[in-house]
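Please open the model in your viewer and keep the selection panel at hand.

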Amino acid sequence: FQTLRECLEDPEIQVRSAALRALGTVSSEAAKRIIMDRINDKIFKDKDFEEKKEYFEVISHWKDKEVFAFLSETLKKKSFFFGSAKSDEARACAAYGLGLLGNKDAISLLQKFKGENSKLIREFSYTAIKRLEHGQ
């Protein structure tokens, strides 16, 4: 785990991505914790959107209540300060992750974000709802 955690900080995106996917295949509580801690880290907001999206895709492999709550709370987090566009990216990725979890309980929460000011959050919430409604 220590090596994979260190690889998440590698300057090369391919190395970081491979380490993240490897953590996802381990499917342990420790791996889940590493990923969730990384998403909660202050520097996470500065990551490229596609890399953020990959984190949420991997965390959605754990289809448990803790991940559902984590994604729900991330989606609800509002940024009232500078950098709200970066915050919106993480929130949109959380909506994406909720769609991947397959838990239909997320639909009512996602409905609240279909009218969000951020186009990105609106689109990802709508897509997640459609995915959940159609069981994809």
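In what order do the elements of the protein run from the N terminus on? They run α-α-α-α-α-α-α-α, and the protein has eight helices and zero strands, where helices (H or I, at least four residues) and strands (E, at least two) are DSSP runs numbered from the N terminus. The radius of gyration is 14 Å, close to the 14 Å that the globule rule gives for 136 residues, so the protein is as compact as a globular protein of that length; the radius is taken over C-alpha atoms, and the rule is 2.2 Å times the number of residues to the power 0.38.

Before selecting anything, note that this is a predicted model, in which local features need pLDDT of at least 70 and side-chain atom pairs count only at pLDDT 80 or more, while totals for chains, interfaces and linings use all residues. Residues are numbered from 1 along each chain as its sequence is written, and side-chain values use heavy atoms, with hydrogens and water left out.

**Whole chain.** Show the C-alpha trace, which spans about 40 × 35 × 20 Å along its principal axes. Colouring by accessibility, you will find that buried residues make up 45% of the 136 residues; buried means under 20% relative accessible area, exposed over 50%, and partly exposed in between (1.4 Å probe, protein chains only).

**Helix α4.** Select residues 49-59, where eight of the eleven residues are buried, namely F49, E51, K52, E54, Y55, F56, V58 and I59. Next, display what covers these buried residues, which includes α2 (13-26), α3 (29-40), α5 (65-76), α6 (84-101) and α8 (119-133).

**The loop between α2 and α3.** Select S27, which is placed in this loop and has a positive phi of about 55° although it is not a glycine. Most residues other than glycine have a negative phi. S27 counts as partly exposed, at 47% relative accessibility.

**The loop between α7 and α8.** Finish at G115, found between α7 (106-111) and α8. Is G115 buried or exposed? G115 is exposed, with a relative accessible area of 65%.

Technical notes: Contact means heavy atoms within 4.5 Å.
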